[in-house]
Amino acid sequence: MKNLVLILFVGLVSLGAMAQEKVAKIEFKTTTIDYGTIEKGSDGVRVFEFTNTGNAPLIISNVKSTCGCTVPKKPDGPIMPGETGEISVKYDTNRVNPIRKTITVTSNADTPTVALKIKGLVVDSSKNSVLEKKDKSVMEQ
């Protein structure tokens, strides 16, 4: 009877050790990209780089933005453990405004949802600002 209990105990312990779950982990180099101040119509493409630091293939199922002015693109296939991947984001720089957008990444990683952010300012230098100082006062013109 003691031998049977010992065999069952050893079997359960070894089964538990073999059943360790393999999980993907996504680790981004940065979760925020600052465009800085850029000109209207300039290149609005930026790239978020990440690594699968887990021990299972990483599958990114969805990447979406908070508005239509930002278009994210996810990797096509799975990212194997230790490999790197990219999520490219294209912002419509024809919109002259501050940039504050969030891109939501959904995957099979241990953290299934990650929020990425872009920020910056798009300016149009061809237009004069109302706040710019004029050479002459209104009375002198």
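The structure holds two salt bridges, a salt bridge being a side-chain nitrogen of Lys or Arg within 4 Å of a carboxyl oxygen of Asp or Glu. This is a predicted model, in which local features need pLDDT of at least 70 and side-chain atom pairs count only at pLDDT 80 or more, while totals for chains, interfaces and linings use all residues. Residues are numbered from 1 along each chain as its sequence is written, and side-chain values use heavy atoms, with hydrogens and water left out.

## Salt bridges

One of the salt bridges joins Glu49 to Lys29, with the closest N and O atoms 2.8 Å apart. This pair links distant parts of the chain, since Glu49 lies in strand 3 and Lys29 in the loop between strand 1 and strand 2, 20 residues apart. Asp92 and Arg95 also meet through their side chains in a salt bridge, at 3.2 Å from N to O. In general, side chains of opposite charge can pair when their charged atoms come close.

The table gives the relative accessible area of the residues in these pairs. Buried means under 20% relative accessible area, exposed over 50%, and partly exposed in between, for a 1.4 Å probe and protein chains only.

| Residue | Relative accessible area | Class |
|---|---|---|
| Glu49 | 34% | partly exposed |
| Lys29 | 70% | exposed |
| Asp92 | 29% | partly exposed |
| Arg95 | 40% | partly exposed |

## Overall fold

The secondary structure comes to one helix and eight strands. Helices (H or I, at least four residues) and strands (E, at least two) are DSSP runs, numbered from the N terminus. Read from the N terminus on, the elements run α-β-β-β-β-β-β-β-β. The protein has 141 residues, of which 26% count as buried. Among contacts with a separation of 6 or more, 66% are between residues 24 or more positions apart; contact means heavy atoms within 4.5 Å.

Four strands make an open sheet in the order 1-3-6-5, with antiparallel pairing. Strand 1 and strand 5 (70-73) each have a single partner strand and stand at the edges, so one side of each is left without a neighbour in the sheet. From one strand to the next, the twist averages 30 degrees. That angle is taken between axes, which are lines fitted to C-alpha atoms (for helices over the stretch in contact), and angles run from 0 to 180 degrees between N-to-C directions.

Two strands pair if DSSP finds at least two bridges between them. Strand 1 (residues 26-28) and strand 3 (residues 45-52) run antiparallel and are joined by three bridges. Within this pairing, Phe28 has Phe50 of strand 3 as its bridge partner. Strand 3 also pairs with strand 6 (residues 84-91) in the antiparallel sense, over seven bridges. Here Phe50 stands opposite Gly85 in strand 6, and Val45 stands opposite Lys90 in strand 6.

## Nonpolar core

A nonpolar core is a set of buried Ala, Val, Leu, Ile, Met, Phe, Trp, Tyr and Cys residues joined through side-chain atoms within 4.5 Å. The largest such core has 24 residues, and of these Phe28 and Ile118 touch the most other members. At least two residues of this core come from each of strand 1, strand 2 (32-39), strand 3, strand 4 (60-65), strand 6, strand 7 (98-107) and strand 8 (113-123). Strand 8 gives the most, with four residues.

Not counting residues up to four places away in sequence, Ile118 touches Ile33, Tyr35, Phe48, Thr70, Val89, Tyr91, Ile99, Arg100, Lys101 and Ile103.

Thr70 is found in strand 5 and is buried, with a relative accessible area of 4%. Leaving aside neighbours within four places in sequence, Thr70 is in contact with Ser65, Val89, Lys90, Tyr91, Lys101, Ile103 and Ile118.

## Disulfide

The structure holds one disulfide, defined as a pair of cysteine sulfur atoms within 2.5 Å. Cys67 and Cys69 form this link, with their sulfur atoms 2.3 Å apart. The link is left-handed, with -50 degrees about the S-S bond. Cys67 is partly exposed at a relative accessible area of 25%, whereas Cys69 is buried at 5%.
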